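Please keep the sequence and the model in view while reading.

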Amino acid sequence: MTVSATSSASTATTTTTSSSSTSSNSTLTSSDFLSLLVSELQNQNPLDATSTTDLVNQLTSYANFTSQQSINTNLNSLASSFSSLVTLNSVNYIGHTVEAKTDTSTLSNGSATFGYSLSSAASDVSISVKDSSGNTVWTGTGTRNAGSNSFTWDGKDFSGSQLSDGGQYTISVTATNSSGNSVLNYTTVTGTVTGIDTSTSTPSLTVNGVSVSAANIIGVTS
């Protein structure tokens, strides 16, 4: 009975230590896992020992746990390498003229070039340009061809006054077919890449003074 009491105290101490270790470190390591398994074997009821099947299942779980830790480490390393590769590739855009999926551009040299894609030929295409305050400064019509269409705004407002370079303007396109259904896919801007921001998981490129995700680049023209 004395031996049994000592064993119980040892078990309690082991449990307390294990609990303390677990609370101080929320991550279960392979050593923790193995310690729990050994403690279970040492303190199991001799009259009701763990079955061979259960023991094999636990050992298999331990092996899988270790493998998963190794896989996670390798995946983190791969993700880091991939992020570096994406950043390196994005740098190659600097100085090139690109087309990107977005709707805002900066007026430069008295003009701004936009684009839009139609899923099919449209019967009506209306275009409006708004300034950074949301005020509409120009409206007109655009080409109706299926696929990619280009539109260059001359930077003039309704009265014909030339607006100053440096302002950011947003294009809005409404394109419908003969049934009145929208056929607009997306809008684009075309401009030169002058910078790159790698502070986020997906690098952003500065195109005509506007931040554009590298994932939205759909073409390089020069």
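The account below moves from the overall fold to the cores, then to strand pairing and selected residues.

## Overall organisation

The model is a predicted one. Its protein chain holds three helices and eleven strands, and, read along the sequence, the order of these elements is α-α-α-β-β-β-β-β-β-β-β-β-β-β. Of the 222 residues of the chain, 23% count as buried. Among contacts between residues at least 6 apart in sequence, 67% join residues at least 24 apart.

In soluble globular proteins, nonpolar side chains tend to be buried together. The largest nonpolar core here has 19 residues, among which Val125, Ile127, Phe151 and Trp153 touch the most other members. At least two residues of this core come from each of strand E3 (112-118), strand E4 (124-130), strand E5 (136-141), strand E6 (147-153) and strand E7 (168-176).

Once its neighbours within four places in sequence are set aside, isoleucine 127 is in contact with Tyr116, Trp138, Thr139, Gly140, Thr141, Gly142, Phe151, Ile171, Ser172 and Val173.

## Aromatic rings and a charge over a ring

The structure contains two aromatic pairs. In one of them, the rings of tryptophan 153 and tyrosine 169 have centres 4.9 Å apart and planes at 65°, and the pair is therefore edge-to-face. Because tryptophan 153 lies in strand E6 and tyrosine 169 in strand E7, this pair ties together parts that are 16 residues apart in sequence. Both tryptophan 153 and tyrosine 169 are buried.

A further arrangement involves the ring of tyrosine 186, over which the charged end of lysine 101 sits, 4.5 Å from the ring centre.

## Strand pairing around E7

Strand E7 is joined to strand E2 (residues 104-106) by three bridges, and the two run antiparallel; within this pairing, threonine 104 stands opposite threonine 170 in E7. Strand E7 also pairs with E4 in the antiparallel sense, over seven bridges, and there aspartate 124 stands opposite threonine 176 in E7.

## Residues on and around strand E2

Aspartate 103 lies in the loop between strand E1 (97-101) and E2 and, at 31% relative accessibility, counts as partly exposed. Leaving out neighbours within four places in sequence, aspartate 103 is in contact with Phe114, Tyr169, Thr170, Ile171, Thr187 and Val189. The C-alpha atoms of aspartate 103 and tyrosine 186 are 8.7 Å apart in space, although the two residues are 83 residues apart in sequence.

Serine 105, found in strand E2, is by contrast buried, since its relative accessibility is 1% and the cut-off for burial is under 20%. Not counting residues up to four places away in sequence, serine 105 touches Ala112, Phe114, Gly167, Gln168, Tyr169, Val189, Asn208 and Val210.

## Loop residues

Threonine 143 is placed in the loop between E5 and E6 and is partly exposed, with a relative accessible area of 39%. Beyond residues up to four places away in sequence, threonine 143 touches Tyr116, Leu118, Val125 and Asn149. Threonine 143 and serine 126 are 17 residues apart along the chain, and their C-alpha atoms are separated by 9.2 Å.

Asparagine 109, in the loop between E2 and E3, has a positive phi of about 55° although it is not a glycine, and asparagine 109 is exposed, with a relative accessible area of 72%. Asparagine 208, which also has a positive phi of about 55° without being a glycine, lies in the loop between strand E9 (204-207) and strand E10 (210-213); asparagine 208 is partly exposed, at a relative accessible area of 21%.

| Side chain | Partner side chain | Distance |
|---|---|---|
| Threonine 143 | Asparagine 149 | 2.7 Å |
| Aspartate 103 | Threonine 104 | 3.0 Å |
| Serine 105 | Asparagine 208 | 3.1 Å |

Key
Residues are numbered from 1 along each chain as its sequence is written. This is a predicted model: local features need pLDDT of at least 70, side-chain atom pairs count only at pLDDT 80 or more; totals for chains, interfaces and linings use all residues. Side-chain values use heavy atoms; hydrogens and water are left out. A nonpolar core is a set of buried Ala, Val, Leu, Ile, Met, Phe, Trp, Tyr and Cys residues joined through side-chain atoms within 4.5 Å. Buried means under 20% relative accessible area, exposed over 50%, partly exposed in between (1.4 Å probe, protein chains only). Helices (H or I, at least four residues) and strands (E, at least two) are DSSP runs, numbered from the N terminus. Contact means heavy atoms within 4.5 Å. Rings of Phe, Tyr and Trp (its six-membered ring) pair if their centres lie within 6.5 Å; planes under 30 degrees apart count as stacked, over 60 as edge-to-face and the rest as tilted. A charge sits over a ring if NZ of Lys or CZ of Arg is within 6 Å of the ring centre and within 35 degrees of the ring normal. A polar contact is a pair of N or O atoms within 3.5 Å; within protein, one must be able to donate a hydrogen and the other to accept it, and residues adjacent in sequence count only if both atoms are side-chain atoms. Two strands pair if DSSP finds at least two bridges between them.
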